[in-house]
Amino acid sequence: MSTIGSVESLWRYPVKSMRGEELNEIFAGFAGVYGDRLFAFESSASPKGFPFFTGREQRQMIRYRPHFRAPNKAAQPVNWAEAEKLGSGVNPISASADELMIDVEAPDGKIFAINDPALIDRLCAGMDEKHELTLLRSDKAITDCRPLSIFAVQTARKLGEESGVDIDKRRFRANVYLDLNTFDGFAEDKFVGKSLRIGSKVVVAIVSRDARCMMITLDPETAEKTPALLKRVAQAHNGFAGVYGAVLAEGMIRKADSVELLD
């Protein structure tokens, strides 16, 4: 067991494909980050295997900012303190749907409730293809693949050097960004098949590399595309950047927490 770095920043994305929010601490549970990707939009024009309406279809979607109406209820499971005291790995419970309600701020500052039909109209405005959208809600994260996404800031730096693009790490939409002590970019690839302890309690099994799509080409501030970045990831790194994890021991992760390699 060795300390390999620390937590650089923590993020969650209350609405799939919309802007994330940076937090000082998150609850990492077996199903993912508490409050992460609780909502998503399903499109009639999307394939059944991946039915979601995302920044792939509407680039400006990534500039919409979700906000929990009751941030204190969205911070951690409502009975986490009591569940933790039992020490038996019991699953804590979520707040109610009403307590985890979200409002969304559009790029022009207009505010919509997440279930306001006018928000769907706004998201579909100006699109060539016909999309009929349906709002989905889940008590667990509606992630693409695995519950937790992890990315080293060294990897973002290396990709910037390789592609000649000024890289904002937010392009990679990770939950946990790591600052590794002595590793170069893409060092997290070496953690696949091993486990990390993050902070004093959380243990994460690193299960696979993260296959990237056009979402990383979108500037998180402007939604402008930079195809050179995805091209570089595909040609130099077989299309992968960052890793996915499965939580083995639940708990709170805090900014600046130490990260230990267990296996």
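Q: Is F52 buried or exposed in this structure?
A: Buried means under 20% relative accessible area. F52 has 13%, so F52 is buried. Keep in mind that this is a predicted model.

Q: What does 25% relative accessibility make F50?
A: F50 counts as partly exposed at that value.

Q: How many aromatic pairs are there?
A: The count comes to four aromatic pairs. One of them joins F50 and F52.

Q: How are the rings of F50 and F52 arranged?
A: Look at the angle between the planes. Over 60 degrees counts as edge-to-face. Here the planes stand at 85°, with 5.1 Å centre to centre, and the pair is edge-to-face.

Q: Why is the pair of F151 and F172 stacked?
A: Planes under 30 degrees apart count as stacked. The planes of F151 and F172 are at 15°, and the ring centres are 4.2 Å apart, so this pair is stacked.

Q: Which parts of the chain does the pair of F151 and F172 link?
A: Distant parts, 21 residues apart. F151 is in strand 10 (residues 148-152). F172 is in the loop between helix 3 (153-163) and strand 11 (176-180).

Q: Are F151 and F172 buried or exposed?
A: F151 is buried, at 0% relative accessibility. F172 is buried too, at 2%.

Q: Which residues form one aromatic cluster with F151?
A: F172 and Y177.

Q: Where does the charged end of K169 sit?
A: Over the ring of Y177, 5.6 Å from the ring centre. The charged end of K16 sits over the ring of F52, 5.0 Å from the centre of that ring.

Notes:
Residues are numbered from 1 along each chain as its sequence is written. This is a predicted model: local features need pLDDT of at least 70, side-chain atom pairs count only at pLDDT 80 or more; totals for chains, interfaces and linings use all residues. Side-chain values use heavy atoms; hydrogens and water are left out. Rings of Phe, Tyr and Trp (its six-membered ring) pair if their centres lie within 6.5 Å; planes under 30 degrees apart count as stacked, over 60 as edge-to-face and the rest as tilted. Buried means under 20% relative accessible area, exposed over 50%, partly exposed in between (1.4 Å probe, protein chains only). Helices (H or I, at least four residues) and strands (E, at least two) are DSSP runs, numbered from the N terminus. A charge sits over a ring if NZ of Lys or CZ of Arg is within 6 Å of the ring centre and within 35 degrees of the ring normal.
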